[in-house]
Amino acid sequence: MPKKENRNRNMPTVTRQEALDFHAQGRPGKLEITPTKPMATQRDLSLAYSPGVAEPVKAIAEDPSTAYDYTTRGNMVAVISNGTAILGLGNLGALASKPVMEGKSVLFKRFADVDSIDLEIDTENVDEFVNCVRFLGPSFGGINLEDIKAPDCFVIESRLREIMDIPVFHDDQHGTAIIAAAGLINALDLTGRDYKTTKLVCNGAGAAAIACIELIKAIGFNPENIILCDTKGVVFQGRTEGMNQWKSAHAVNSDKRTLAEAMDGADVVLGLSAKGTLSEDMIRSMAPNPIIFAMANPDPEITPEEVARIRDDAIMATGRSDYPNQVNNVLGFPYIFRGALDVRASTINDEMKIAAVMALANLAKEDVPDDVAAAYQGNRPRFGPNYIIPVPFDPRLISSIPVAVAKAAMDSGVARKPIADLEAYARELRGRRDPIASTLQRIYDRVRRHPKRVVFAEAEEEQVMRAAISYVNQQLGTAILLGRDDVIAATAEKAGIDLNRPGIEFINARTSKRREAYVDYLYARLQRKGFLQRDVQRLINTDRNHFAACMVALGDADAMVTGTTRNYSTALSDIRRCIDAKPGHRVIGVSLALCRGRNVLVADTAVHDMPSSEELADIAEEAASLARKLGYEPRVAMLAYSTFGHPEGERSERVREAVKILDKRRVDFEYDGEMSAEVALNPRIMEQYPFCRLSGTANVLVMPAFHSASISTKMLQELGGCTVIGPLLVGFDKPVQIASMGAKDSDIVNMAAIAAYNAGT
């Protein structure tokens, strides 16, 4: 095998205070309930509750299956725990498990659009736990058990599966098993091994380990070639110490008694135990081209760096995001439940688990699409030793795994609502994806691989300091804090912020040795625009935006972020004195808006007040280019108050002329106009115009004027609960982003990451 690349990267750190602040800010916790029907009028309330609600009540009483039609049951999963095995923290109780269970519910929604609610049951008695859950069955379409200690988890899941007619799934067992099995299949393929002859050792005998062994046996591994080890050594036939019925089911007839003996000559080791339990000597004793899955969290049984010192032929996977081949349960459970819910499966059986395994394994072998490759600047991941498992933000997961699971449920007879057209189902699933979060994650991932030096121009502000710390902690690069040393120190001390850490640098404009270079550069630009040299000196000495922009212009920083203490137009004016537009480009602002799962880019939201037809055409091109850069195929709607000539008006004529200009330029993206917003965004209304050149609803909206762009995005944000990122500045020759006044530290970090992302292109 070719020598495998090993990267020594530290996991992005999260401080205790950052984590606490994240959970406490705004509305505490991570979930809220949002109505899906209008509640604006008395009639709405009459339909939603009394007297209208009586009709679905009677319908469900007559036919219980209609609960899936008239309630949320068909898209609702309960995430349930008693807190007896929380992450790697142990038995901390039901209440302490709530942040984790809320987080699991958020992942269900984020990745597969499955609604979820967390339930914490305050008992360690198995009978009490089972009785509590079983009687909640009518409320949910599925049950996801989580963080329950072994062996109780085996008993609880088994009993609930027997008495409930909805899927019951203990993710700590089966989720890990499914992802690990998918990676293992691909690793066997790469090393030319066969299921029947592969010798495998599993170190650890808890819930996940037992589930892994059961699943790989179901896939076709020879039970005689699988050795299970726990803290007391090999689980062999006849052993009595530390045994239970689940271990006994996998006891082997072997004379090996220790983990080291079991590892000698093994092809595969699955680590589901604790840090440091696999030694270098054990790894040396393995067969050629060993497969090592060290999945203990947060620290693996042995690190890739340790393995690389002694072997160059190993394929490795861990549970950590900072190494290749992360065994991450989020690749499985949201999509498995998605498929199970959509066919109203009565259970999640082995056939469905194996279908998920195969779908994951096959997905890793496919060519990686642009919107995944965008996170790997110039380094598209390809199937091989460092890429045997898809990455969590691969948008293809939602249209591949649920389809495979749904088909397996139908083929195995547990589906109560078969899907006739699986291709149409896959298309529907693709529409459920949340592109804004995956876009941000791709941006962060790529910057993390190619860190950048970003100057934070308003470093005397507390939220900017916190943003800089977060930028560094997330390994995005170096944060350069621009400001007066004494003010920064005093503000940091008062806020309890520790800025003395690697990755943070300080620049004081008044004492910088680069002042004169910046003055010379800026004076050459402004001397014929009414500025004297002393005027420029004053700007460099006292104005943070001019100083920071000159740093970027002269290459002393890769990018800059500003805006939290000044209005947008002032900050933009400052920067334009120092940095030009890219040749052949126009500087514009583009806002990225997500409203109930749909996302659109809106332009221009920052620069052009009343753009001409030529400017509108330029804005369309810049916005379409940004859309492609973020991973979307642009469909541009040139908006107006009229649609294709009705009603007439001077401003609409300007938009129509812009479309003609784009026609002449022969641009390579879809566009049309003029059209009103509802035509651009509503497929049924768009169908009334069969000549419309857009193949689907628009994802780029070019506004006829700045005021309409600004008003519409802010209304969406305030009234529609829409998430808006930006305006993102596009078209500058150097990467610059301007946050909004009073922006939160998380918003500033996003803008800094986007600026750094642009520095790499």
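In this predicted model, a nonpolar patch on the surface is formed by Tyr49, Val53 and Val57, which together have about 300 Å² of accessible area. Valine 57 belongs to helix H3, which spans residues 54–62.

In soluble globular proteins, nonpolar side chains tend to be buried together. The largest nonpolar core has 101 residues, and of these Ile143 and Phe293 touch the most other members. Beyond its neighbours within four places in sequence, isoleucine 143 is in contact with Ala78, Ile80, Val133, Met164, Ile166, Pro167, Val168, Phe169 and Phe337. Another core, of 66 residues, lies apart from this one and includes Ala459, Val472, Met751 and Ala752.

Valine 307 is located in helix H13, residues 304–310. With a relative accessibility of 2%, valine 307 is buried, because the limit for that class is under 20%. Residues within four places in sequence aside, the contacts of valine 307 are Ile283, Ile292, Ile302, Ala314 and Met316. The C-alpha atom of valine 307 is 8.8 Å from that of arginine 284, a residue 23 positions away along the chain.

Several positions carry annotations in UniProt. An unreviewed entry there lists Lys104 under "active site". Lysine 104 lies in helix H5, which covers residues 98–112, and is buried at a relative accessible area of 8%. When neighbours within four places in sequence are left aside, lysine 104 is in contact with Val79, Asn144, Glu146, Asp171 and Phe333.

One of these contacts, Glu146, is itself annotated: the unreviewed UniProt entry places the feature "binding site" at Glu146, Asp147, Asp172 and Asn297. Glutamate 146 is situated in the loop between strand E3 (142–145) and helix H7 (152–163). Its relative accessible area of 6% makes glutamate 146 a buried residue. Not counting residues up to four places away in sequence, glutamate 146 touches Val79, Ile80, Ser81, Met101, Lys104, His170, Asp171 and Asp172.

Asparagine 91 is partly exposed, with a relative accessible area of 39%. Outside the four places on either side in sequence, asparagine 91 touches Gly83, Thr84, Ala85 and Glu124.

Charged side chains form 52 salt bridges in the structure. Aspartate 189 and lysine 365 make one of them, with an N to O distance of 3.1 Å. Aspartate 189 is in helix H8 (residues 171–191) and lysine 365 in helix H15 (residues 350–365), so this pair ties together parts that are 176 residues apart in sequence. The two partners are partly exposed, aspartate 189 at a relative accessible area of 43% and lysine 365 at 36% relative accessibility.

Other salt bridges lie within a single helix. Arginine 338 pairs with aspartate 342, and their closest N and O atoms are 2.8 Å apart. These two residues are 4 residues apart in helix H14 (residues 333–342), which means that about one helical turn separates them. Arginine 338 is buried at a relative accessible area of 1%, and aspartate 342 counts as buried at 17% relative accessibility.

A salt bridge also joins the side chains of glutamate 462 and arginine 466, at 3.2 Å from N to O. Helix H20 (residues 462–473) holds both, and because they are 4 residues apart they are separated by about one helical turn. Glutamate 462 is partly exposed, with a relative accessible area of 36%, and arginine 466 is partly exposed at 25% relative accessibility. Elsewhere, salt bridges that share partners link Arg586, Glu614, Glu615, Asp618, Glu621 and Arg665 into one network.

Glutamate 687 is placed in the loop between helix H29 (683–686) and strand E19 (700–702). At 62% relative accessibility, glutamate 687 counts as exposed. The C-alpha atoms of glutamate 687 and arginine 453 are separated by 48 Å, the two residues being 234 residues apart along the chain.

Technical notes:
Residues numbered from 1 in each chain as written. Predicted model: local features only at pLDDT ≥ 70, side-chain atom pairs only at ≥ 80, totals over all residues. Heavy atoms only, no water. UniProt positions renumbered as here; feature names shortened; annotations may be inferred. Buried < 20%, exposed > 50% of the residue type's maximum accessible area, 1.4 Å probe, protein only. Contact = heavy atoms within 4.5 Å. Core = buried A, V, L, I, M, F, W, Y, C linked by side-chain atoms within 4.5 Å. Patch = residues over 30% accessible without salt bridge, like charges linked within 9 Å, V, L, I, M, F, W, Y side chains within 5 Å. Areas by Shrake-Rupley, 256 points an atom, 1.4 Å probe, with all protein chains shown as cover. Salt bridge = Lys/Arg side-chain N within 4 Å of Asp/Glu carboxyl O.
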